Amino acid sequence: VEQYAPAKQLELISKAVNSFVDKQTDILLDEVLPALREEAEVFLCGYDELTDDEVDYLRGIFVKEIEPLLTPLAIDPGHPFPFISSLSINLAIIIHDPDDIEANEGSGKRSMAIVNVPSRMRRWKELPNRKNCFVPLEQIIIHNLDRLFGGMVILSADCFIATRNADVERNEEEADDLLEMMTDEVRERRFAPFVRLEVAQTMDPMLTRRLQQELGLVDSDVYSTRGYLALGELDSINPKLKMNNTFEFDHWAPMTHLRLNKIKEANELFKVIKRADVLVQHPYHSFATSTQLLVEAASVDPQVKAIKATLYRTNSDSPIINALIAAAERGIQVAVLVELKARFDEARNVGFATKLEDAGCNVAYGLVGLKTHCKTTLVVREESGGQLCTYCHIGTGNYNPSTAAVYTDFGLLTANRDLGDDVMDLFKYLTGYHRQRQFRKLLVAPTSMRQQFVKFIDLEIKNKQANLPAKITVKVNGLDDQLICSKLYEASQAGVEVLLIVRGICKLRPGVAGLSENIRVISIVGRFLEHHRVFRFENGGDPTYYIGSADWMTRNLMRRVEVATPIEDPALQEILNEMLDGCAKDGSNAWEMQADGTYIRLIKDRPKTEETEEGEDERAKMKGKSIPEMAEMVGVQQATMNRFRDDRRKFKKKTRKASQVVRKTKNTMNWDDSIFTKTKVGLMESTDDI
C-alpha cells in the first residue's frame with residue numbers, strides 16, 4: 001500500500017482489518033467455543049441459559065460488588081458527553097422515561113447514557129453451582145440496569161470500545177529534560193484523539209452514528225463485531241479441567257542451566273562464565289538462575305566495581321531493578337540506560353528511572369531520535385593482581401522475568417575480552433559523547449549492522465557463484481527492510497538457499513518464479529511466543545552465527561540502537577543449529593507462506609504410538625532423538641522441552657554416580673577433608689559436558 005496516499009492506506013487497512021476481525025469472531029463463536037463446551041465442558045454463558053437461582057445469585061453479586069463502582073452518565077444539554085478511557089469497555093444505553101408526557105404523546109423522545117465497565121474487576125464471573133460456567137461482567141451490568149436507572153424503561157444496551165491515538169507528537173531535539181517530556185506525554189496520551197471505535201453488532205445504527213460523531217471518527221474507523229469485545233481478556237478465564245486433560249499444556253518449569261546448577265555462592269558464577277561462554281535459552285532455562293543471577297551476584301560481590309545495563313521493558317516488581325539499587329547502595333558504580341520511549345511502558349519506565357536515580361545510580365534516558373532496544377549488561381570485576389575483568393550478558397529478550405517464562409529467547413553470558421571492550425564502548429555511546437563506526441565483534445545499529453548484514457548476503461552470493469557452500473538461515477520477529485529484501489531476492493536469483501523463520505510481518509514473498517524460488521518463509525506459532533533473533537550464514541563451509549535484539553525491519557536497523565553478538569563456540573553453535581533445523585522441520589506449529597502472501601499450516605502425520613507391556617508412550621519413543629527429529633512429530637517447542645527433561649535426568653543420574661564414587665573412596669582411603677573436597681569438586685565438574 002506504500003504507493004497510496006495516507007488516507008487511502010488507512011482505508012485499505014480498515015477493509016483488511018475488518019475482514020480479519022470477522023474471521024476471528026467466526027472461528028471463536030462457531031468453532032472454538034462450541035468445541036470447548038462439548039469436549040472440555042467449559043461454558044461462556046448468556047443470561048438466556050441461566051436458571052432463576054443463578055440470575056438471583058448474580059443480582060446479589062451486582063448489588064454488593066459491582067453497583068458501588070458504577071457511575072451512570074446521562075448525555076443531554078446539562079450533561080456533556082463523558083470522558084472515555086482508551087480500550088475500556090463501555091455500555092451505550094438508550095432509555096425512555098414513562099412519565100415523560102411529550103414522549104408518551106408520540107414525540108418518540110429517547111435519552112442516551114454511558115456506563116463504564118470497571119476495568120479493575122475480573123471480566124468473567126464463575127457460577128458457584130455449575131462448574132466452569134462463566135458470565136461476562138458487562139452482561140451482569142446490562143441485566144441489572146434497572147438499579148442504575150430507576151423508573152426508566154431500558155430500550156437497548158450495547159458494548160463499545162474506543163481506542164485513542166498512542167502516537168503523541170514529540171520533539172526530542174527541543175526537550176530540556178527527556179524524563180519530564182515523557183512524563184507529560186504519558187499524561188497527554190489519556191486525552192489523545194480517538195482513532196478506532198468497536199461496537200457490538202447488535203447496536204442500533206443511529207446510536208453507532210451518534211458515538212462516531214461524538215468521538216470524531218469516520219466510517220472506516222468503525223468496526224462492528226459479532227459476539228464479545230476485548231477478546232484478549234479471554235485469557236483471564238481459569239477453568240478447572242480434569243487431570244491429564246488434552247486441552248491443557250503439560251506442566252513446564254524452567255530449569256537451571258546445567259553449567260550453573262552447582263553454584264552455591266555468588267562469586268562462583270564468574271568462575272563458570274570465565275571457563276567458557278554459557279548460552280541460556282528461555283523459557284527452557286530459568287531466568288532467575290541465569291540472567292537475573294548475573295546482576296544479583298554482581299550486586300553482592302565485593303570484587304565487583306561497576307555494573308552497566310540497558311533496560312527496555314521489565315516487570316513492575318523487577319528483581320533486576322532491585323539488584324541494581326542494592327549494588328548502588330553498596331558503593332558499586334551503577335550506570336543504567338532506561339529507555340523511556342518503550343511503547344506503552346513509558347509510565348513504568350519513568351518510575352524505574354526515578355527510583356534508580358534516588359538510589360544513586362547514574363541513569364540515562366536514551367538517545368535523541370533513537371530507541372535503545374539492545375539487551376546488554378556489563379559487570380566489571382577486580383580479580384587477581386588487581387586486574388579488571390569484564391563479564392557480559394548479551395541477549396535477544398528483555399530483562400523481564402514474566403516474559404522470560406513465555407517468550408523464546410537466547411542470552412550469552414561471556415567473559416570474552418573483545419566482547420567486553422565492545423560493550424564498554426557501547427555504553428560510552430549510550431551514556432556520553434562517543435562515536436564509533438565499527439566494533440571488534442559486535443554488530444551495532446544504526447551505525448553498521450545493516451551494512452554488515454548486506455555484506456554477509458553478498459558474500460553468500462559470491463560463494464554460490466564460486467561453487468562454494470552458500471546458505472542463509474535467519475530467525476526474526478519481522479522483516480520489512482527494503483534493502484534487505486532486495487538483497488535476499490538477489491541471493492535467491494543467484495541460487496542461494498534462503499530459509500526465513502519470521503513469526504510476524506514479512507514483506508518478502510517466497511516462491512515467485514524468476515525472483516524467489518529459492519526462498520522459504522515459515523512462521524512458528526505455538527505455546528511460547530517465538531522471540532529470539534538468530535542469523536546463520538554458510539560462509540563457504542565455515543558458518544557464521546549471530547544472536548541479537550534486532551529484527552530485519554527498517555525501524556530496528558535504522559532508528560534503534562541494536563546489538564548482535566557472534567556465537568563462536570562450536571558447542572553453542574550446535575545449539576543454534578538444532579533450534580533452526582527444528583523450526584525448519586516443525587510438523588506441528590509451523591505455517592508456510594505462499595507466493596501470494598497467504599499461509600498454510602504444515603501438519604505432518606504423526607506415527608502411531610501403541611502402548612507396550614512396559615507402558616512406553618510417545619515421549620519414550622522419542623528418547624534419544626535430536627530436536628529436529630522430534631520437531632517433525634511434536635513441534636520444535638515441545639521437542640526442546642523433551643530434550644531439556646532428558647538432559648536433566650542424565651545430569652541427576654551422573655551426579656548420583658559421582659557422589660557414590662566419592663563416598664565409597666572416602667570410606668576406603670584416609671584422606672583429609674581438603675583433598676576430599678577437591679576430589680568432589682573435580683568429579684562434579686566432570687558433568688559439565690552434558
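**Figure 1. Residues around the second largest cavity of the predicted model.** Gln281, Tyr284, Thr408, Glu530, His532, Met579, Val636, Gln637 and Thr640 line the second largest cavity of this predicted model. The volume of this cavity is about 40 Å³. Helix H19 (residues 636-668) contributes three residues, the most of any element, to the lining of the second largest cavity. Three nonpolar, five polar and one charged residues make up this lining.

**Figure 2. The largest cavity and its lining.** The structure holds two cavities of 30 Å³ or more, and the largest cavity has a volume of about 80 Å³. Its lining consists of 13 residues, and nearest the centre lie His282, Phe287, Gly397, Asn398 and Asp409. At least two lining residues come from each of strand S16 (388-395) and strand S17 (407-414). S17 supplies the largest share, three residues. By class, the lining of the largest cavity counts four nonpolar, eight polar and one charged residues.

**Figure 3. The second largest pocket.** This pocket has a volume of about 1300 Å³. Two or more lining residues come from each of helix H1 (6-40), strand S21 (519-524), strand S22 (529-530) and strand S26 (590-593). H1 gives the most, nine residues. Of the 29 residues in the lining of the second largest pocket, Phe20, Ile505, Arg509, Gly597 and Tyr599 lie nearest its centre. The lining comprises 16 nonpolar, six polar and seven charged residues.

**Figure 4. The chain around these sites.** The chain has 690 residues, 49% of them buried, and its secondary structure comprises 20 helices and 27 strands.

Methods. Residues are numbered from 1 along each chain as its sequence is written. This is a predicted model: local features need pLDDT of at least 70, side-chain atom pairs count only at pLDDT 80 or more; totals for chains, interfaces and linings use all residues. Side-chain values use heavy atoms; hydrogens and water are left out. Helices (H or I, at least four residues) and strands (E, at least two) are DSSP runs, numbered from the N terminus. Buried means under 20% relative accessible area, exposed over 50%, partly exposed in between (1.4 Å probe, protein chains only). On a 1 Å grid over the protein atoms alone, a cavity is a set of points where a 1.4 Å probe fits but cannot get out, and a pocket is an open set with protein on both sides within 12 Å along at least five of seven lines; lining residues have an atom within 4 Å of a point. Grid points are joined across faces, edges and corners, and a volume is the space filled by probe spheres set on the points. Ala, Val, Leu, Ile, Met, Phe, Trp, Tyr, Cys and Pro count as nonpolar, Asp, Glu, Lys and Arg as charged, and the others, Gly among them, as polar.
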